Amino acid sequence: MGTYIIRRFFLMLLTLFGISLLIFTMLRLVPGNIADIVFNAAGMIDVAEKAKLEKELGLDRPIPVQYVEWVSGLARGDLGYSYVSEKPAIDEILPRIPITAKLAGLALLFAVTFGVPLGVISAVKQNTTLDYVLRVISLSGLSLPSFWLGLLILMAFVAYFGAIPIYTNPPKGFWNTLWLFSIPAMAVGFRSSALVMRLTRSSMLEVLRQDYIRTARAKGAPARTVNYRHALRNALLPVVTVIGIEAAFLMGGLIVTETVFNIPGVARFLVEAIRWRDYPIVQNLVMFVAVVAVSINFLIDLLYAVLDPRIRYAS
Amino acid sequence: MSIIDLPVETETADRPESVWSKVRYHLGAHPLGAIGAAIMAVFVFCAVFADFITAYSPTATDAAVRLLHPGAGHVLGTDQMGRDIFSRIIYGARISLAVGLGSTLLGSLFGVALGLTSGYVGGWADLVIQRIIDVLQSVPLLVLALVMAAALGPALDNTIVAISIPLIPYTARVIRSNTLALREQPFVEAARAVGMSEFRIAVRHVLPNTIAPLIVIATAQLGAAILTEASLSFLGLGVPEPHPSWGRMLSESAAEFVRTAPWLVIFPGVAISLAVFGTNLFGDALRDILDPRLRD
Amino acid sequence: MNTKLGALTLVTFAFATLMFAQAGEPKHGGILRIYHRETPPSLSIHEEATFSVNIPAMGLYNNLVVYDQHKPQNSMGTIVPELADSWSVSSDNLALTFRLHQGVRWHDGQPFTSKDVKCTFDLLQGKAKDKFRKNPRKDLFNNIVEVTTNGDFEVTLHLKRPQPSLIAMLASGYTPVYPCHVSPAQMRTNPIGTGPFKFVEFKQNESIKLAKNENYWKKGLPYLDGIEFTIISNRATAVLAFVAGKVDMTFPTEMTKALIADIKKQDATAICEIGPINVSTNLIVNRENPPFNNVEVRKAMALALDRKAFIDIIYQGAGDVGGTMLPPPEGVWGMPPELLKTIPGYGDVQKDREQARAIMTKLGYGSNNPLKIKVSTRNLATYRDPAVVLIDQLKTIYIDAELDPVESSQWFAKVARNDYSVGLNLTGNGIDDPDQAFYENYACGSERNYTHYCNKELEALFDKQSVETDVEKRKKMVWDIDKKLQEDVARPILLHARSGTCWKPYVKNMTIMSNSAYNGYRYEDVWLDK
């Protein structure tokens with residue numbers, strides 16, 4: 001077990017290293033840098049002044065040197081300064097994380113509270129009309145672009161309530177916060193809940209076919225007990241996995257939803273930073289998301305290894 | 001090819017042989033899939049015959065007919081530059097299909113190459129490819145596409161490439177695990193015994209057997225690719241004007257008309273959702289038919 | 001009919017007076033909430049070139065002189081003293097002396113003196129030890145040889161040649177006075193001014209907050225306790241926020257005609273104004289490479305333009321046809337319509353296109369053999385939309401154009417490389433003044449003369465109008481220059497857009513400038529009647 005964990009841990013570090021290389025190189029491949037953008041806003045390019053700015057920001061040094069500098073800074077916990085605001089990158093990134101975390105958390109909560117029960121119902125009532133209706137709804141959840149859903153929700157709110165659930169000032173108090181975040185969370189969470197529902201359904205169906213369930217049934221255990229106590233518990237494990245993976249995927253939905261609802265979280269900030277070629281922000285933010293995603297997967301792998309001994313010997 | 005042992009064939013061995021009757025059988029067994037197939041057929045038809053379906057050019061601007069309500073003449077109304085929305089949606093099918101198919105094919109190509117190598121060759125190749133896949137999988141899909149699109153610049157072909165990259169890891173993973181299982185199959189050992197080269201075995205015997213799961217994954221990814229294109233265009237990257245891309249039709253300038261001219265926002269959104277919904281329905285049925293074991 | 005009209009005017013007048021009486025004395029207090037269309041690059045006005053900066057930042061600073069904040073049309077006659085109590089011009093017109101207000105303090109408590117004025121111009125001219133990261137308007141002040149101080153409260157600008165419009169540039173929102181004791185870097189992150197509002201915080205993508213300067217040197221001002229700008233980049237969302245009362249005012253000059261109609265439908269009490277903003281949509285034509293190095297092709301393209309269609313399609317009719325200078329009546333220097341009509345491409349569109357097709361046919365192009373070009377533009381809606389219309393119009397004269405959307409970061413670099421054939425561009429003018437417009441955009445060697453149009457004869461005329469002190473005489477000279485520029489297809493001007501601003505009726509004393517979008521945001525005497 002110990003060697004397995006160590007091995008997995010090193011592989012995780014290797015993956016993170018790969019991600020840092022990928023994002024760093026890709027950013028440098030994107031044409032233009034902050035100096036171009038800064039001067040673009042002024043409607044001209046002054047070559048000498050631009051070179052001066054590049055030098056000031058260290059953009060004139062060889063790319064490998066820049067990379068080593070970034071990674072060694074990262075190791076020391078020094079994320080550098082945002083090119084745009086000239087404030088420490090950490091001060092720009094940290095305050096925005098709770099905002100996105102709240103949104104993502106609510107979206108996942110929404111996904112689980114709707115997705116799991118509906119998935120179970122769908123599986124238990126397999127091939128009934130209810131099952132078909134639920135499956136169509138869940139498929140539509142995977143088919144609607146979340147920004148469009150957001151726009152529709154906004155339209156509906158203004159048309160029926162005259163109110164608008166967009167973020168203008170940081171909300172005060174628990175209920176205000178909940179109200180403000182729950183609507184965009186629904187727009188993002190619809191997709192995730194559809195996914196969770198489909199997965200719950202299929203893994204539930206698989207478990208229901210297993211021998212021990214048949215045995216439980218044969219022994220005369222009530223259907224309710226079999227379905228909910230034995231089957232659901234076993235069906236949840238793959239669902240948890242997907243929720244872990246979905247956390248990284250959620251980012252995409254968050255980007256467009258934060259744009260539509262004007263939420264000043266990290267997702268929209270990332271897009272803006274890409275536009276500004278604000279390397280310190282983009283690099284560190286992508287690394288942050290990657291670390292979250294990779295650690296979740298790491299933990300899930302460990303969980304599996306604990307639950308299923310075959311895995312740790314197989315690899 | 002006689003040794004190919006598709007699970008489908010064993011399953012359908014006792015059913016009538018003709019292709020059409022098979023299709024008819026499956027359509028009956030999967031009504032939702034049939035609906036999906038019908039939606040996809042309409043979608044493809046629009047893309048191919050756009051020139052014959054529409055009365056207006058999708059790019060012609062006209063101040064006299066700005067923001068017309070849906071109705072006679074312009075069935076779905078006109079946009080802020082007086083362009084016919086119906087024409088733009090029909091031609092938009094072409095863009096969506098091009099981006100969807102293009103990026104799915106490209107993504108599958110890379111995914112299969114990586115997955116097959118990783119699974120069949122094993123060892124160092126496997127380790128390296130696994131890391132590449134891990135890396136690609138840990139960066140959010142849209143972020144990866146965003147940076148790629150920014151790096152390549154807004155153009156149709158670049159958008160296809162940008163969207164295809166994030167599709168690679170999933171395909172590669174599934175193909176790899178399939179290959180791992182197939183590698184141990186008797187027919188592979190048989191081929192080896194006859195003295196076939198490893199490369200030939202991989203391409204002639206292992207690859208064809210991964211086609212079924214590949215088709216299933218690719219159909220699911222087609223929908224995802226269309227959605228990603230829409231998101232990219234919504235954020236201002238992706239397929240540029242004046243190409244009538246559905247996502248672009250929903251972007252900044254159209255979002256301004258959410259209240260005053262809602263049809264600008266509603267119809268392209270419906271088109272995207274319907275097309276993706278169709279591919280998803282179809283993909284689901286296909287999965288049930290081709291490979292009941294393969295789950296999300 | 002006449003009496004009726006008269007009566008109506010009278011009633012309106014009485015009503016207005018009544019309103020004013022009711023509004024009564026300005027009230028102190030309250031926070032003015034405005035939405036902002038984007039995250040501005042910084043709040044250091046001297047380093048930036050967009051009114052996204054001027055609008056939130058102008059309240060932090062003061063100028064030597066400033067345009068009267070309540071006279072919509074900026075002109076020489078509306079310039080009033082600010083940090084300078086008075087000013088005088090030497091008899092040879094080569095020295096401009098300002099006597100400064102005493103007792104002014106910077107937000108950090110330091111006293112304001114003539115040294116600060118000198119520092120500001122030294123920075124602008126790159127003579128100071130500290131440097132701006134970028135200095136987009138340094139060319140505006142090329143004519144200043146030296147700045148001298150005489151004691152703490154007198155400062156003189158010495159000029160190379162007489163330049164009556166220098167004072168106009170000083171009055172613009174673009175020319176605040178910066179403190180000596182604060183570095184340019186700090187001015188970007190934590191600006192210090194003498195203005196009615198102090199900087200509180202600036203969060204990217206979120207908000208900009210300003211608070212009342214309790215020690216403002218203009219007694220009793222400002223009325224507001226502060227101003228909050230909420231950044232909302234999606235215009236539809238922003239409109240909804242305004243209608244729902246989450247903000248008191250829209251971002252100045254961001255509302256289109258259609259959006260204003262929508263707002264009025266939602267909230268009949270909203271006050272909306274629509275007017276020109278002195279930003280022109282124009283074409284930059286690469287006159288050095290084929291096909292547009294051929295003057296005939298340039299001429300054909302100029303003849304193909306249907307300017308009214310651009311205005312109708314993109315701005316729902318809210319725009320004006322004109323030359324380089326903003327058209328009258330809002331614009332002070334624009335060509336009168338009679339003169340405009342005589343320029344090729346400004347007359348009957350059908351006839352002009354006939355002529356253009358004849359030219360193209362002569363050059364060997366036709367409907368089966370169109371000239372293929374690319375129209376390059378920034379990948380932003382305000383640039384892209386007119387480019388799409390242009391492509392559509394060029395079809396009528398056998399030009400088959402394709403859109404080449406360019407990332408904003410690449411746009412000027414691409415233009416500087418001459419890597420385009422036709423570009424669609426927007427040019428904003430900080431002040432309605434020929435010196436700024438001509439030298440910046442058409443002088444040989446100017447950084448923003450993207451097309452490298454260079455006409456020495458015309459440049460001599462630029463200088464000649466610049467030293468002319470008689471406004472009426474100068475106007476005639478400006479018209480002649482403007483006409484020549486259009487005839488030369490130097491940078492075909494498609495239109496001058498109009499756009500609007502809305503605010504709630506309790507926002508008082510708000511004036512929107514009618515010939516500039518850069519100068520009217522001091523907000524020191526704006527108040528809320530709540």
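**Figure 1. Strands 9 and 10 of chain C pair in the antiparallel sense in this predicted model.** Strand 9 covers residues 207-212 and strand 10 covers residues 226-231, and five bridges join the two. Within this pair, Ile208(C) stands opposite Phe229(C), a residue of strand 10.

**Figure 2. An open sheet of four strands in chain C has mixed pairing.** The order of the strands is 1-10-9-8. Strand 1 (31-36) and strand 8 (197-203) of chain C each have a single partner strand and stand at the edges, so one side of each has no neighbour in the sheet. On average, neighbouring strands of this sheet are turned by 15 degrees against each other, direction ignored.

**Figure 3. Chain A and chain B are in contact.** To this contact chain A gives 39 residues and chain B gives 35 residues. The elements of chain A that supply two or more residues to its side include helix 1 (2-29), helix 9 (174-208) and helix 13 (279-307). Helix 1 of chain A gives the most, with nine residues. Sorted by class, the side of chain A that touches chain B holds 32 nonpolar, six polar and one charged residues.

**Figure 4. The largest nonpolar core has 312 residues.** The members that touch the most others are Leu103(A), Ala107(A), Leu270(A), Ala145(B) and Leu146(B). Helix 6 of chain A, residues 97-124, gives the most to this core, with 15 residues.

**Figure 5. Leu270(A) is in contact with residues of chain A and chain B.** When its neighbours within four places in sequence are left aside, the contacts of Leu270(A) are Val282(A), Leu285(A) and Val143(B).

Methods: Residues are numbered from 1 along each chain as its sequence is written. Chains are lettered from A and ligands numbered from 1 in the order in which they are written. This is a predicted model: local features need pLDDT of at least 70, side-chain atom pairs count only at pLDDT 80 or more; totals for chains, interfaces and linings use all residues. Two residues are in contact if their C-beta atoms, placed from the backbone, lie within 7 Å. Ala, Val, Leu, Ile, Met, Phe, Trp, Tyr, Cys and Pro count as nonpolar, Asp, Glu, Lys and Arg as charged, and the others, Gly among them, as polar. A nonpolar core is a set of buried Ala, Val, Leu, Ile, Met, Phe, Trp, Tyr and Cys residues joined through C-beta atoms within 7 Å. A residue is buried if 20 or more other C-beta atoms lie within 10 Å of its own, exposed if 12 or fewer, and partly exposed in between; C-beta atoms are placed from the backbone. Two strands pair if DSSP finds at least two bridges between them. Axes are lines fitted to C-alpha atoms, for helices over the stretch in contact, and angles run from 0 to 180 degrees between N-to-C directions.
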